[in-house]
Amino acid sequence: MEGINISTHPDVPGEPTQTGTSILETATATIQGFGPINKIHQHLCAFHFYGHDMTRQVEAHHFCGHQNEEFRQCLIYDRPDADARLIGLEYIVSEELFLTLPDDEKKFWHSHLYEVKSGVLFMPGVPGPIQRQDHEKTVKTYGKVIHFWQVDRGDTLPLGIPQVMMALTRDGQLDQNLVQDVEKRFGVSFDEEREKRAYMEGPSHGVHPLANAGGKGIRTVLREVDCKPIESVPRVFV
């Protein structure tokens, strides 16, 4: 796609999809149901950064479906094309559900207040007035994001362990090269949308101090431990 640094969208190694595979996929698609996938109803574009390194920022395309009014779940791809890489997941909860979480869990979740109010979270191709009806709700929510594929460093496969991601919380954090690239490709203006969203209000209790990693860095690490064996259970014969 025009304007994208190709190193962040590497080719996945492997032979091209064969005709036989395509035919098989077409056949199974006519037989099987895809309930969870069919429930996806919206496409959101935003930006995430690694919880331990704000300089590593990623364009994130969310394809989301509501479980109910207070919970939605999203598949995250590096772009909206058919050959996009599935790089992560995000769970989005209402303020009410977030406040029920244990304190040691809250640090993994980020507020959407700044993302929405600044205009950088948007729905590609959807007219502004329609978008803003949903954003009026999203601005009050919290999200938990895990990325599995470090496409920003050019990985051709999902290497390493999953990482907790965070979202923008104030001006001056977002890479301006990303801003210019995304605004050009999708024909949007974050500044113009910011003005139109000025009326929106965030969480009723304000952004929780433990959210957004409590203002600190946060990183997933791998630690080896002893694997407990399954305890022997005596058989009972009837």
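Buried means under 20% relative accessible area, exposed over 50%, and partly exposed in between (1.4 Å probe, protein chains only). This is a predicted model: local features need pLDDT of at least 70, side-chain atom pairs count only at pLDDT 80 or more, and totals for chains, interfaces and linings use all residues. Residues are numbered from 1 along each chain as its sequence is written, and side-chain values use heavy atoms, with hydrogens and water left out.

**View 1. Strand β7 is covered on both faces.** Strand β7 spans residues 163–166 (strands are DSSP E runs of at least two residues, helices H or I runs of at least four, numbered from the N terminus). Q163 and M165 are buried on one side, V164 and M166 on the other. Strands pair if DSSP finds at least two bridges between them. Strand β1 (residues 42–50) runs antiparallel to β7, joined by two bridges. F49 has M166 as its bridge partner in β7. Strand β6 (residues 142–147) is also antiparallel to β7, with three bridges. Here H147 stands opposite Q163.

**View 2. R56 and D152 meet in a salt bridge.** A salt bridge puts a side-chain nitrogen of Lys or Arg within 4 Å of a carboxyl oxygen of Asp or Glu. For this pair, the N to O distance is 2.8 Å. R56 lies in strand β2 (residues 53–68), D152 in the loop between β6 and β7, 96 residues apart. R56 is buried at 17% relative accessible area. D152 is partly exposed at 22%.

**View 3. E59 forms a salt bridge with R185.** Their closest N and O atoms are 2.5 Å apart. E59 is in strand β2 and R185 in helix α7 (residues 176–186), 126 residues apart. Both residues are buried.
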